[in-house]
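Subject: Structure handover

Hello,

Here is the structure I said I would pass on. Please look it over before reading my notes below.

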Amino acid sequence: METGELEAMRQQLQSLADTLVGDFDGEHDASAALIAKASDMMLTLQATVERQAAEIARLREALEPFADCCETIEPDEDDEEWAKFRLLVGNYRRARKAMEDTNG
């Protein structure tokens, strides 16, 4: 979750807490406002989760060709050896783009 999204959610929670305090102080009936704010927060969280799930799927797709190559690597092969695989240029570009998009 991005810092801006976390800050927005923190502010929403603070506003919700302030409303609750006001309600307990007898200043106003905040039931409808609480339900609306809780609903907005749930929608925000749902959108965030959906966005992150899409990003995970995109990253998994970009890594899949590399992970598939590991099926032919022997367990005792040295991690410092060069791999003996040639992947499509598009595999490398898709992985690079995924990393660039993830890093902002």
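This is a predicted model: local features need pLDDT of at least 70, side-chain atom pairs count only at pLDDT 80 or more; totals for chains, interfaces and linings use all residues.

Helix H3

This helix runs over residues 89–103. Its 15 residues should span 21 Å at 1.5 Å a residue, and the end C-alpha atoms are 21 Å apart, which agrees. Asn 91, Ala 95 and Ala 98 are the buried residues of H3. Seen down the helix axis, these buried residues fall within an arc of 60°, so they line one face of H3. The face turned away from that buried side carries the exposed residues Arg 93, Arg 96 and Asn 103.

Asn 91 has a relative accessible area of 9%, so it counts as buried, the cut-off being under 20%. Leaving aside residues up to four places away in sequence, Asn 91 touches Pro 65 and Phe 66.

Helix H1

Leu 13 sits in helix H1, which covers residues 3–24. Its relative accessibility is 48%, so Leu 13 counts as partly exposed. Leu 13 and Met 41 are 28 residues apart in sequence, while their C-alpha atoms are 8.4 Å apart in space.

The largest pocket

The volume of the largest pocket is about 220 Å³. Its lining consists of Thr 72, Ile 73, Glu 74, Pro 75, Glu 77, Asp 78, Asp 79, Glu 81, Trp 82, Ala 83, Lys 84 and Phe 85. Sorted by class, the lining has 6 charged, 5 nonpolar and 1 polar residues.

Regards

Definitions and conventions
Residues are numbered from 1 along each chain as its sequence is written. Side-chain values use heavy atoms; hydrogens and water are left out. Helices (H or I, at least four residues) and strands (E, at least two) are DSSP runs, numbered from the N terminus. Buried means under 20% relative accessible area, exposed over 50%, partly exposed in between (1.4 Å probe, protein chains only). On a 1 Å grid over the protein atoms alone, a cavity is a set of points where a 1.4 Å probe fits but cannot get out, and a pocket is an open set with protein on both sides within 12 Å along at least five of seven lines; lining residues have an atom within 4 Å of a point. Grid points are joined across faces, edges and corners, and a volume is the space filled by probe spheres set on the points. Ala, Val, Leu, Ile, Met, Phe, Trp, Tyr, Cys and Pro count as nonpolar, Asp, Glu, Lys and Arg as charged, and the others, Gly among them, as polar. Contact means heavy atoms within 4.5 Å. The expected span of a helix is 1.5 Å times one less than its number of residues. The arc is that of the directions from the helix axis to the C-beta atoms.
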